[in-house]
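Here are my notes on the model, point by point. Have it open next to you while you read.

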Amino acid sequence: MANEQLLDKIRSLSDLELATLLCLVAREHCLIGTLPDYVDELAEELCLVASKTFNLTPAIINCHSHATLDEFATGLLVPQPARGGPPSPTHTRSASPYHLRHEPSSTTGGPSSSGGSYFPSPAPPSRPGAFSPRIGPAAIVPSSPSTTTHQPAQQPQIANFILAKNLHLAPRAVQIQALELLRTRRIFTRTSVQTAPKQFLFIAIIGAPSPTQARVTPHLNDFFYLSHWHDAEKDGLDHLDAELSRPDDNISVASSDSIIKRSSSGLGPLPDHEPAPQPHMTEDDISLLSQLTTLACVDVDVLRYQMNVVSHLRIHRAVVGGVTPQATRCLGYLCKSLAALHGLGFVTASLVGLAVRKVYGHRIVMVGEGGMMERERSVQWGSEGEAVGVVMGGWGVEEVVEDVLGMVGVPA
(Lines give C-alpha, C1' and ligand atoms only; values in the text may rest on other atoms or scores of the structure.)
Protein backbone atom coordinates (compact mmCIF):
# COMPACT_ATOMS: atom_id res chain seq x y z
CA MET A 1 0.00 0.00 0.00
CA ALA A 2 1.17 3.53 -0.75
CA ASN A 3 2.37 5.58 2.21
CA GLU A 4 0.33 8.46 3.54
CA GLN A 5 2.69 11.09 2.13
CA LEU A 6 2.26 9.74 -1.39
CA LEU A 7 -1.50 9.54 -0.94
CA ASP A 8 -1.56 13.19 0.13
CA LYS A 9 0.30 14.08 -3.06
CA ILE A 10 -2.22 12.17 -5.16
CA ARG A 11 -5.19 13.80 -3.42
CA SER A 12 -3.80 17.25 -4.25
CA LEU A 13 -3.60 16.55 -8.00
CA SER A 14 -6.08 17.99 -10.47
CA ASP A 15 -8.06 15.92 -12.96
CA LEU A 16 -5.53 16.60 -15.72
CA GLU A 17 -2.65 15.63 -13.45
CA LEU A 18 -4.42 12.44 -12.41
CA ALA A 19 -5.02 11.46 -16.03
CA THR A 20 -1.35 12.12 -16.77
CA LEU A 21 -0.24 10.13 -13.73
CA LEU A 22 -2.36 7.13 -14.69
CA CYS A 23 -0.81 7.10 -18.16
CA LEU A 24 2.72 7.40 -16.78
CA VAL A 25 2.11 4.54 -14.36
CA ALA A 26 0.83 2.31 -17.17
CA ARG A 27 3.26 3.69 -19.81
CA GLU A 28 0.31 4.35 -22.06
CA HIS A 29 -1.16 7.37 -23.86
CA CYS A 30 -4.41 9.26 -23.62
CA LEU A 31 -6.88 11.50 -25.42
CA ILE A 32 -8.14 14.70 -23.80
CA GLY A 33 -11.07 16.61 -25.24
CA THR A 34 -12.28 20.14 -24.66
CA LEU A 35 -14.25 22.83 -26.44
CA PRO A 36 -12.49 24.20 -29.55
CA ASP A 37 -12.04 27.65 -27.99
CA TYR A 38 -9.94 26.24 -25.13
CA VAL A 39 -7.53 24.00 -27.03
CA ASP A 40 -4.63 26.44 -26.83
CA GLU A 41 -5.15 27.15 -23.14
CA LEU A 42 -5.42 23.46 -22.36
CA ALA A 43 -2.15 22.78 -24.18
CA GLU A 44 -0.40 25.45 -22.12
CA GLU A 45 -1.86 24.00 -18.94
CA LEU A 46 -0.61 20.53 -19.82
CA CYS A 47 2.85 21.95 -20.55
CA LEU A 48 2.95 23.35 -17.04
CA VAL A 49 1.72 20.02 -15.68
CA ALA A 50 4.54 18.25 -17.50
CA SER A 51 7.32 20.57 -16.36
CA LYS A 52 6.22 21.40 -12.83
CA THR A 53 4.41 18.29 -11.65
CA PHE A 54 6.37 15.55 -13.43
CA ASN A 55 9.59 17.27 -14.58
CA LEU A 56 9.12 16.22 -18.21
CA THR A 57 10.11 18.10 -21.36
CA PRO A 58 6.99 19.03 -23.36
CA ALA A 59 6.59 19.74 -27.05
CA ILE A 60 3.42 20.94 -28.79
CA ILE A 61 2.43 20.03 -32.34
CA ASN A 62 -0.30 22.13 -33.95
CA CYS A 63 -2.04 19.82 -36.42
CA HIS A 64 -4.20 20.94 -39.33
CA SER A 65 -5.71 19.46 -42.47
CA HIS A 66 -2.57 20.15 -44.55
CA ALA A 67 -0.01 18.82 -42.09
CA THR A 68 2.73 16.67 -43.59
CA LEU A 69 4.65 13.71 -42.23
CA ASP A 70 7.86 15.76 -42.12
CA GLU A 71 6.19 18.47 -40.07
CA PHE A 72 4.84 15.92 -37.65
CA ALA A 73 8.20 14.17 -37.26
CA THR A 74 10.01 17.49 -36.77
CA GLY A 75 7.52 18.61 -34.14
CA LEU A 76 8.35 15.61 -31.97
CA LEU A 77 12.01 16.55 -31.61
CA VAL A 78 13.62 18.88 -29.11
CA PRO A 79 17.24 20.09 -29.43
CA GLN A 80 19.83 18.74 -27.06
CA PRO A 81 22.49 21.02 -25.53
CA ALA A 82 26.11 20.66 -26.65
CA ARG A 83 28.31 19.09 -24.02
CA GLY A 84 31.68 20.62 -23.21
CA GLY A 85 34.99 18.93 -22.46
CA PRO A 86 37.14 16.59 -24.51
CA PRO A 87 35.38 13.81 -26.38
CA SER A 88 35.20 10.60 -24.41
CA PRO A 89 36.62 7.43 -25.99
CA THR A 90 33.55 5.61 -24.71
CA HIS A 91 31.15 7.98 -26.46
CA THR A 92 29.29 5.30 -28.37
CA ARG A 93 25.68 4.64 -29.14
CA SER A 94 23.74 3.60 -26.06
CA ALA A 95 20.83 1.22 -25.74
CA SER A 96 18.91 3.89 -23.84
CA PRO A 97 17.21 6.43 -26.10
CA TYR A 98 18.35 9.45 -24.10
CA HIS A 99 20.83 8.28 -21.45
CA LEU A 100 24.20 8.41 -23.21
CA ARG A 101 27.08 6.34 -22.00
CA HIS A 102 29.33 9.30 -21.32
CA GLU A 103 26.79 10.57 -18.77
CA PRO A 104 27.10 9.35 -15.16
CA SER A 105 24.74 6.51 -14.44
CA SER A 106 22.29 6.82 -11.59
CA THR A 107 22.81 3.16 -10.70
CA THR A 108 26.48 3.73 -9.94
CA GLY A 109 25.87 6.63 -7.59
CA GLY A 110 27.48 9.23 -9.84
CA PRO A 111 26.18 12.78 -10.00
CA SER A 112 23.53 13.54 -12.55
CA SER A 113 21.71 16.68 -13.57
CA SER A 114 18.35 14.96 -13.07
CA GLY A 115 19.16 13.42 -9.72
CA GLY A 116 19.25 9.86 -11.06
CA SER A 117 15.75 10.17 -12.47
CA TYR A 118 14.73 8.80 -15.81
CA PHE A 119 12.72 11.98 -16.25
CA PRO A 120 15.17 14.17 -18.20
CA SER A 121 15.57 17.62 -16.76
CA PRO A 122 14.49 20.50 -19.04
CA ALA A 123 17.40 21.73 -21.10
CA PRO A 124 18.32 25.44 -20.72
CA PRO A 125 18.30 27.45 -23.93
CA SER A 126 21.58 28.28 -25.58
CA ARG A 127 23.25 31.55 -24.67
CA PRO A 128 22.56 34.54 -26.90
CA GLY A 129 25.30 35.07 -29.39
CA ALA A 130 26.69 31.55 -29.16
CA PHE A 131 27.93 30.10 -32.43
CA SER A 132 27.53 26.63 -33.78
CA PRO A 133 30.70 24.53 -33.97
CA ARG A 134 30.31 24.51 -37.76
CA ILE A 135 28.86 27.94 -38.43
CA GLY A 136 30.04 31.46 -37.73
CA PRO A 137 33.31 32.93 -36.51
CA ALA A 138 33.80 30.22 -33.89
CA ALA A 139 34.37 27.76 -36.72
CA ILE A 140 37.27 29.68 -38.30
CA VAL A 141 39.08 31.39 -35.40
CA PRO A 142 42.30 29.44 -34.71
CA SER A 143 42.95 28.33 -31.19
CA SER A 144 45.67 26.62 -29.29
CA PRO A 145 45.41 22.84 -29.01
CA SER A 146 45.70 23.12 -25.25
CA THR A 147 42.74 25.50 -25.01
CA THR A 148 40.42 23.90 -27.56
CA THR A 149 37.07 22.86 -26.13
CA HIS A 150 35.34 20.06 -27.95
CA GLN A 151 31.55 20.27 -28.03
CA PRO A 152 30.15 17.25 -29.83
CA ALA A 153 26.91 18.02 -31.61
CA GLN A 154 23.91 16.39 -30.01
CA GLN A 155 21.18 15.02 -32.23
CA PRO A 156 17.64 16.22 -31.49
CA GLN A 157 15.59 13.69 -29.57
CA ILE A 158 11.92 12.99 -29.10
CA ALA A 159 10.45 14.93 -26.20
CA ASN A 160 9.11 13.10 -23.17
CA PHE A 161 5.73 14.80 -23.29
CA ILE A 162 4.07 15.26 -26.70
CA LEU A 163 0.90 17.33 -27.06
CA ALA A 164 -0.79 16.92 -30.45
CA LYS A 165 -3.34 19.70 -30.74
CA ASN A 166 -6.33 18.96 -32.98
CA LEU A 167 -4.90 15.64 -34.10
CA HIS A 168 -8.29 14.72 -35.55
CA LEU A 169 -7.83 17.43 -38.19
CA ALA A 170 -4.55 15.96 -39.44
CA PRO A 171 -4.56 13.82 -42.60
CA ARG A 172 -5.04 10.11 -42.18
CA ALA A 173 -1.39 9.45 -43.09
CA VAL A 174 -0.22 11.65 -40.20
CA GLN A 175 -2.53 9.88 -37.76
CA ILE A 176 -1.26 6.51 -38.95
CA GLN A 177 2.29 7.76 -38.40
CA ALA A 178 1.29 8.73 -34.86
CA LEU A 179 -0.07 5.23 -34.33
CA GLU A 180 3.20 3.70 -35.51
CA LEU A 181 5.08 5.95 -33.10
CA LEU A 182 2.96 4.77 -30.19
CA ARG A 183 3.25 1.11 -31.20
CA THR A 184 6.95 0.92 -32.00
CA ARG A 185 8.18 3.90 -29.92
CA ARG A 186 10.26 5.15 -32.83
CA ILE A 187 9.83 7.28 -35.93
CA PHE A 188 11.75 7.54 -39.18
CA THR A 189 12.94 10.92 -40.38
CA ARG A 190 14.77 11.81 -43.58
CA THR A 191 18.17 11.47 -41.92
CA SER A 192 17.79 9.13 -38.95
CA VAL A 193 15.62 6.88 -36.85
CA GLN A 194 14.46 8.57 -33.65
CA THR A 195 13.60 6.43 -30.64
CA ALA A 196 11.23 7.58 -27.94
CA PRO A 197 12.70 8.04 -24.46
CA LYS A 198 12.04 5.60 -21.66
CA GLN A 199 9.45 7.87 -20.09
CA PHE A 200 7.24 8.90 -23.00
CA LEU A 201 3.68 10.22 -23.04
CA PHE A 202 1.65 11.22 -26.10
CA ILE A 203 -1.55 13.19 -25.50
CA ALA A 204 -3.99 14.05 -28.28
CA ILE A 205 -5.86 17.27 -27.50
CA ILE A 206 -9.12 17.28 -29.42
CA GLY A 207 -11.37 20.30 -29.77
CA ALA A 208 -14.96 19.10 -30.10
CA PRO A 209 -18.46 20.28 -29.17
CA SER A 210 -19.08 17.22 -26.96
CA PRO A 211 -17.11 14.36 -25.40
CA THR A 212 -18.52 11.78 -27.83
CA GLN A 213 -17.11 13.72 -30.81
CA ALA A 214 -13.56 13.93 -29.46
CA ARG A 215 -12.09 11.10 -31.55
CA VAL A 216 -9.45 10.31 -34.13
CA THR A 217 -9.12 7.51 -36.70
CA PRO A 218 -10.48 4.17 -35.42
CA HIS A 219 -7.24 2.24 -34.92
CA LEU A 220 -5.43 5.16 -33.29
CA ASN A 221 -8.52 5.88 -31.22
CA ASP A 222 -8.55 2.33 -29.87
CA PHE A 223 -4.86 2.50 -28.98
CA PHE A 224 -5.34 5.35 -26.50
CA TYR A 225 -5.40 4.06 -22.93
CA LEU A 226 -8.12 6.38 -21.62
CA SER A 227 -9.95 9.59 -22.42
CA HIS A 228 -10.84 12.63 -20.38
CA TRP A 229 -13.11 15.58 -21.08
CA HIS A 230 -11.95 18.85 -19.56
CA ASP A 231 -14.41 21.71 -19.21
CA ALA A 232 -12.16 24.74 -18.83
CA GLU A 233 -14.99 27.00 -17.68
CA LYS A 234 -16.10 24.60 -14.96
CA ASP A 235 -12.88 22.85 -13.96
CA GLY A 236 -10.49 25.73 -14.61
CA LEU A 237 -6.79 25.74 -15.53
CA ASP A 238 -4.98 25.90 -12.22
CA HIS A 239 -1.35 26.14 -13.33
CA LEU A 240 -2.01 28.54 -16.18
CA ASP A 241 -4.13 30.83 -14.02
CA ALA A 242 -1.38 30.90 -11.40
CA GLU A 243 1.26 31.74 -13.99
CA LEU A 244 -0.84 34.45 -15.61
CA SER A 245 -1.47 36.07 -12.24
CA ARG A 246 2.28 36.57 -11.66
CA PRO A 247 3.56 40.09 -12.44
CA ASP A 248 6.66 38.80 -14.24
CA ASP A 249 4.79 36.19 -16.21
CA ASN A 250 6.16 35.50 -19.66
CA ILE A 251 3.65 32.88 -20.72
CA SER A 252 1.30 33.68 -23.55
CA VAL A 253 -1.16 31.52 -25.34
CA ALA A 254 0.29 31.09 -28.80
CA SER A 255 -1.74 31.05 -31.97
CA SER A 256 -2.24 28.06 -34.23
CA ASP A 257 -0.55 29.57 -37.29
CA SER A 258 2.34 27.11 -37.18
CA ILE A 259 2.17 23.39 -36.80
CA ILE A 260 5.05 23.34 -34.30
CA LYS A 261 5.13 25.40 -31.12
CA ARG A 262 7.53 24.91 -28.27
CA SER A 263 6.28 25.78 -24.85
CA SER A 264 8.58 27.83 -22.66
CA SER A 265 6.41 27.24 -19.60
CA GLY A 266 8.75 26.57 -16.73
CA LEU A 267 11.60 25.49 -19.02
CA GLY A 268 13.86 28.51 -18.77
CA PRO A 269 17.08 28.54 -16.71
CA LEU A 270 16.80 29.54 -13.09
CA PRO A 271 19.02 32.17 -11.48
CA ASP A 272 22.07 30.82 -9.70
CA HIS A 273 20.76 31.79 -6.28
CA GLU A 274 17.47 29.91 -6.72
CA PRO A 275 17.39 26.11 -6.31
CA ALA A 276 15.75 24.07 -9.02
CA PRO A 277 12.13 23.28 -8.10
CA GLN A 278 11.41 19.70 -7.22
CA PRO A 279 8.67 17.93 -9.20
CA HIS A 280 5.50 17.20 -7.30
CA MET A 281 5.56 13.54 -8.41
CA THR A 282 9.02 12.02 -8.50
CA GLU A 283 10.40 8.98 -10.27
CA ASP A 284 10.22 6.96 -7.06
CA ASP A 285 6.55 7.82 -6.65
CA ILE A 286 5.65 6.66 -10.13
CA SER A 287 7.76 3.52 -9.82
CA LEU A 288 6.11 2.66 -6.52
CA LEU A 289 2.65 3.14 -8.02
CA SER A 290 3.59 0.89 -10.92
CA GLN A 291 4.68 -1.83 -8.51
CA LEU A 292 1.52 -1.47 -6.44
CA THR A 293 -0.55 -1.72 -9.61
CA THR A 294 0.97 -5.06 -10.51
CA LEU A 295 0.46 -6.31 -6.94
CA ALA A 296 -3.21 -5.29 -6.71
CA CYS A 297 -5.57 -8.23 -6.29
CA VAL A 298 -8.86 -8.77 -8.11
CA ASP A 299 -11.43 -10.98 -6.43
CA VAL A 300 -13.19 -13.48 -8.63
CA ASP A 301 -16.56 -11.80 -8.01
CA VAL A 302 -15.17 -8.41 -9.03
CA LEU A 303 -13.55 -9.94 -12.11
CA ARG A 304 -16.87 -11.54 -13.04
CA TYR A 305 -18.58 -8.17 -12.60
CA GLN A 306 -15.97 -6.56 -14.84
CA MET A 307 -16.47 -9.17 -17.57
CA ASN A 308 -20.27 -8.88 -17.29
CA VAL A 309 -20.04 -5.13 -17.87
CA VAL A 310 -17.90 -5.71 -20.96
CA SER A 311 -20.33 -8.33 -22.29
CA HIS A 312 -23.38 -6.13 -21.77
CA LEU A 313 -21.65 -3.22 -23.48
CA ARG A 314 -20.86 -5.43 -26.46
CA ILE A 315 -24.44 -6.68 -26.90
CA HIS A 316 -26.18 -3.38 -26.13
CA ARG A 317 -28.62 -2.52 -28.93
CA ALA A 318 -27.24 1.01 -29.26
CA VAL A 319 -23.63 -0.13 -29.65
CA VAL A 320 -22.15 -1.37 -32.93
CA GLY A 321 -18.44 -1.33 -32.07
CA GLY A 322 -15.62 -0.12 -29.87
CA VAL A 323 -15.72 -2.82 -27.18
CA THR A 324 -12.44 -4.37 -28.32
CA PRO A 325 -9.96 -6.73 -26.67
CA GLN A 326 -7.54 -3.80 -26.40
CA ALA A 327 -10.17 -1.93 -24.41
CA THR A 328 -10.69 -4.92 -22.11
CA ARG A 329 -6.96 -5.10 -21.43
CA CYS A 330 -6.84 -1.37 -20.66
CA LEU A 331 -9.86 -1.73 -18.37
CA GLY A 332 -8.21 -4.42 -16.28
CA TYR A 333 -4.99 -2.48 -15.81
CA LEU A 334 -6.75 0.82 -15.11
CA CYS A 335 -8.81 -0.81 -12.37
CA LYS A 336 -5.61 -1.92 -10.63
CA SER A 337 -4.00 1.50 -11.11
CA LEU A 338 -7.00 3.22 -9.55
CA ALA A 339 -6.78 0.87 -6.59
CA ALA A 340 -3.13 1.86 -6.10
CA LEU A 341 -4.00 5.56 -6.30
CA HIS A 342 -6.70 5.08 -3.68
CA GLY A 343 -4.32 3.31 -1.32
CA LEU A 344 -6.00 -0.07 -1.76
CA GLY A 345 -4.44 -3.44 -2.40
CA PHE A 346 -7.54 -4.76 -4.16
CA VAL A 347 -10.05 -3.67 -6.82
CA THR A 348 -13.59 -2.75 -5.85
CA ALA A 349 -16.74 -2.65 -7.97
CA SER A 350 -16.91 1.15 -7.75
CA LEU A 351 -13.40 1.40 -9.23
CA VAL A 352 -14.53 -0.81 -12.10
CA GLY A 353 -17.39 1.60 -12.83
CA LEU A 354 -15.01 4.57 -12.81
CA ALA A 355 -12.58 2.79 -15.12
CA VAL A 356 -15.35 1.83 -17.55
CA ARG A 357 -16.30 5.49 -18.01
CA LYS A 358 -12.70 6.45 -18.81
CA VAL A 359 -11.83 3.50 -21.05
CA TYR A 360 -14.96 3.30 -23.21
CA GLY A 361 -15.90 6.98 -23.39
CA HIS A 362 -13.96 7.51 -26.63
CA ARG A 363 -14.23 3.97 -27.99
CA ILE A 364 -17.91 3.05 -28.16
CA VAL A 365 -19.45 3.49 -31.60
CA MET A 366 -23.19 4.16 -31.60
CA VAL A 367 -25.68 2.92 -34.18
CA GLY A 368 -26.54 6.47 -35.18
CA GLU A 369 -22.96 7.35 -36.14
CA GLY A 370 -21.92 7.25 -39.78
CA GLY A 371 -25.19 5.81 -41.11
CA MET A 372 -24.95 2.56 -39.13
CA MET A 373 -28.63 2.41 -38.23
CA GLU A 374 -29.10 -0.63 -40.47
CA ARG A 375 -26.85 -2.59 -38.09
CA GLU A 376 -29.24 -2.08 -35.19
CA ARG A 377 -30.75 -5.37 -34.03
CA SER A 378 -34.45 -4.59 -34.54
CA VAL A 379 -33.80 -3.05 -37.98
CA GLN A 380 -32.23 -6.31 -39.09
CA TRP A 381 -35.47 -8.04 -38.13
CA GLY A 382 -37.65 -5.74 -40.21
CA SER A 383 -38.16 -2.55 -38.20
CA GLU A 384 -37.96 0.79 -39.98
CA GLY A 385 -34.71 2.60 -39.53
CA GLU A 386 -36.35 6.01 -39.16
CA ALA A 387 -38.61 4.81 -36.37
CA VAL A 388 -35.73 3.18 -34.53
CA GLY A 389 -33.69 6.35 -34.96
CA VAL A 390 -36.43 8.40 -33.29
CA VAL A 391 -36.63 5.99 -30.37
CA MET A 392 -32.87 5.93 -29.88
CA GLY A 393 -32.29 9.59 -30.61
CA GLY A 394 -31.53 10.41 -26.98
CA TRP A 395 -28.95 7.67 -26.55
CA GLY A 396 -25.30 8.61 -26.21
CA VAL A 397 -22.14 6.96 -24.97
CA GLU A 398 -22.62 8.21 -21.42
CA GLU A 399 -26.23 6.99 -21.37
CA VAL A 400 -25.20 3.56 -22.64
CA VAL A 401 -22.46 3.21 -20.01
CA GLU A 402 -24.78 4.28 -17.19
CA ASP A 403 -27.51 1.94 -18.48
CA VAL A 404 -25.13 -1.02 -18.47
CA LEU A 405 -23.71 -0.20 -15.03
CA GLY A 406 -27.24 0.00 -13.67
CA MET A 407 -28.19 -3.25 -15.38
CA VAL A 408 -25.31 -5.45 -14.21
CA GLY A 409 -25.55 -6.68 -10.65
CA VAL A 410 -22.85 -5.40 -8.31
CA PRO A 411 -21.12 -8.09 -6.22
CA ALA A 412 -21.86 -7.98 -2.52
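1. Leu303 sits in helix H10 (residues 300-315); helices here are DSSP runs of H or I with at least four residues, strands are runs of E with at least two, and both are numbered from the N terminus. Leu303 counts as partly exposed because its relative accessibility is 40%; the cut-offs are under 20% relative accessible area for buried, over 50% for exposed, and partly exposed in between, with a 1.4 Å probe and protein chains only. Together with Val298 and Met307, Leu303 makes a nonpolar surface patch of about 210 Å². A patch takes residues with over 30% relative accessible area and no salt bridge, joining nonpolar side chains (Val, Leu, Ile, Met, Phe, Trp, Tyr) within 5 Å and like charges within 9 Å. Accessible areas come from the Shrake-Rupley method with a 1.4 Å probe, and for residues only the protein chains shown count as cover.

2. A word on what you are looking at. This is a predicted model, in which local features need pLDDT of at least 70 and side-chain atom pairs count only at pLDDT 80 or more, while totals for chains, interfaces and linings use all residues. Residues are numbered from 1 along each chain as its sequence is written, and side-chain values use heavy atoms, with hydrogens and water left out.

3. Next, the helix packing. Two packed helices are described by the angle between their axes and the distance between the axes. Helix H2 (residues 15-26) packs on helix H9 (residues 283-295) at an angle of about 70°, and their axes are 9 Å apart. That makes H2 roughly perpendicular to H9. On the terms: axes are lines fitted to C-alpha atoms, for helices over the stretch in contact, and angles run from 0 to 180 degrees between N-to-C directions. Under 35 degrees is roughly parallel, over 145 roughly antiparallel, 65 to 115 roughly perpendicular, and the rest oblique.

4. H9 also packs on helix H11 (residues 325-341): their axes come within 8 Å and cross at roughly 120°. That makes H9 oblique to H11. What is the hand of the crossing of H9 and H11, left or right? The crossing of H9 and H11 is right-handed, and H2 also passes H9 in a right-handed crossing. Right-handed means that the near helix is turned clockwise from the far one by less than a right angle, and left-handed means anticlockwise.

5. On to charges. How many salt bridges are there? The count is 11, taking a salt bridge as a side-chain nitrogen of Lys or Arg within 4 Å of a carboxyl oxygen of Asp or Glu. One of them links Lys165 to Asp40, with the closest N and O atoms 2.5 Å apart. Lys165 is in strand E5 (residues 161-165) and Asp40 in helix H3 (residues 39-53), so this pair ties together parts that are 125 residues apart in sequence. Lys165 is buried, with a relative accessible area of 1%.

6. Another one to click on is Arg363 with Asp222, a salt bridge at 2.9 Å, N to O. Arg363 lies in the loop between helix H12 (349-360) and strand E12 (365-366), and Asp222 in helix H6 (residues 218-223), so the pair ties together parts 141 residues apart in sequence. Are these two buried or exposed? Arg363 is buried, and so is Asp222.

7. Compare that with helix H1 (residues 4-11), where Arg11 and Asp8 are 3 residues apart, about one turn of the helix. Their salt bridge has its closest N and O atoms 2.8 Å apart. Arg11 is exposed at 54% relative accessible area, and Asp8 is partly exposed at 42%.

8. Most residues other than glycine have a negative phi. Arg27, in the loop between H2 and strand E1 (30-34), has a positive phi of about 55°. Arg185, found in the loop between helix H5 (172-184) and E6, has a positive phi near 60°. Arg27 counts as partly exposed at 36% relative accessibility, and Arg185 counts as partly exposed at 26%.
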